[in-house]
Amino acid sequence: MSPATTQSQVTLGILSDTHGLLRPEVLTSLDGVDHILHAGDVGPVWILDELGALAPVTAVWGNTDDFGIRDRVREIAKVEVAGLRIAVVHGHQFGSPSPERLAGEFPDADLVVFGHTHQPVTRRIGETWFVNPGSCGPRRFKLPVGLVRGHLAGGHLELETVLLD
C-alpha cells in the first residue's frame, strides 16, 4: 500500500458471480461493511440495488450480464477506499483469470478483485492482494459458495473467507 494510506478502519464485502441469486446469507455476511466490491455476473439490476442499501457498491459487469447491468456499471472499475487502490474486473477478458495474469494488467493496485472462474483465490504477489471470492450465487459443480470480507486497519489488509453452505 502507498505511504498515503489512511489509518482508518474499513470493512469491505467482496463478492462475485451472484448470477441472479442473492442469498439471505450474503446479506447477513455483508452486515456492517463499509464498501461492497462485486466482480460481475451480477444478474438482474435489483441485486445492485439491494447491495447498495447496505453500503456503497463498486461493481463491474461480467460475460453473462445483460444491458441492464452493463448500462449501470463499467467493465473494469478502479476505486480508492481509505487509501487502498482497488481494481475490480470480472476476468472473462483474460480467458481464465489468475493472479499472475492480472498482476501485469493492474500494476498500481493494492487489491485486485476478480471472478469468472467461481474458484476462490486469495493470494499476494509482491505488495498486491488478488482475490477471487468464488461464487455466492447458484452452486457450480462442487465448488464452495462464499464471499470474502476484507478488514483494513492501520494500512494493513486482512482477508476472511466466509463460506455460505
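Which residue in β2 does Leu12 stand opposite? It is His35. The model is predicted: local features need pLDDT of at least 70, side-chain atom pairs count only at pLDDT 80 or more, and totals for chains, interfaces and linings use all residues. Residues are numbered from 1 along each chain as its sequence is written, and side-chain values use heavy atoms, with hydrogens and water left out.

**Confidence**

- The chain has a mean pLDDT of 94, where pLDDT is the predictor's confidence in each residue, from 0 to 100.
- Of its residues, 96% reach 70 or more.
- Residues 1-7 stay under 50 in pLDDT.
- For residues 1-7 the model has 18 contacts beyond four places in sequence, a contact being heavy atoms within 4.5 Å.

**Sheet with β1 and β2**

- An open sheet has five strands in the order β3-β2-β1-β9-β10, and its pairing is mixed.
- At its edges are β3 (57-59) and β10 (156-163), each of which pairs on one side only.
- From one strand to the next, the twist averages 20°; axes are lines fitted to C-alpha atoms, for helices over the stretch in contact, and angles run from 0 to 180 degrees between N-to-C directions.
- Strands here are DSSP runs of E with at least two residues, helices are runs of H or I with at least four, and both are numbered from the N terminus.
- Two strands pair if DSSP finds at least two bridges between them.
- Four bridges link β1 (residues 10-15) to β2 (residues 35-38), in the parallel sense.

**Sheet with β7 and β8**

- Another open sheet of five strands runs in the order β4-β5-β6-β8-β7, with mixed pairing.
- Its edge strands, β4 (76-81) and β7 (121-125), each pair on one side only.
- The twist in this sheet averages 20° from one strand to the next.
- β7 and β8 (residues 128-132) run antiparallel and are joined by five bridges.
- Arg123 has Phe130, in β8, as its bridge partner.

**Rings and charges**

- The structure has zero aromatic pairs.
- Such a pair needs rings of Phe, Tyr or Trp (its six-membered ring) with centres within 6.5 Å; planes under 30 degrees apart count as stacked, over 60 as edge-to-face and the rest as tilted.
- Arg70 lies over the face of Trp61, 3.9 Å from the ring centre.
- The charged end of Arg70 also sits over the ring of Phe67, at 5.8 Å from its centre.
- A charge sits over a ring if NZ of Lys or CZ of Arg is within 6 Å of the ring centre and within 35 degrees of the ring normal.

**Gly91**

- Gly91 lies in the loop between β5 (84-89) and α4 (99-105).
- Gly91 is buried, at a relative accessible area of 0%; buried means under 20%, exposed over 50%, and partly exposed in between (1.4 Å probe, protein chains only).
- Leaving out residues up to four places away in sequence, Gly91 touches Pro97 and His116.
- Trp61 is 30 residues from Gly91 in sequence, and their C-alpha atoms are 9.8 Å apart.

- His19 is not a glycine, yet its phi is positive, at about 45°.
- The loop between β1 and α1 (24-29) holds His19.
- His19 is partly exposed, with a relative accessible area of 30%.
- Ala82, also not a glycine, has a positive phi of about 50°.
- Ala82 sits in the loop between β4 and β5.
- Ala82 counts as buried, at 18% relative accessibility.
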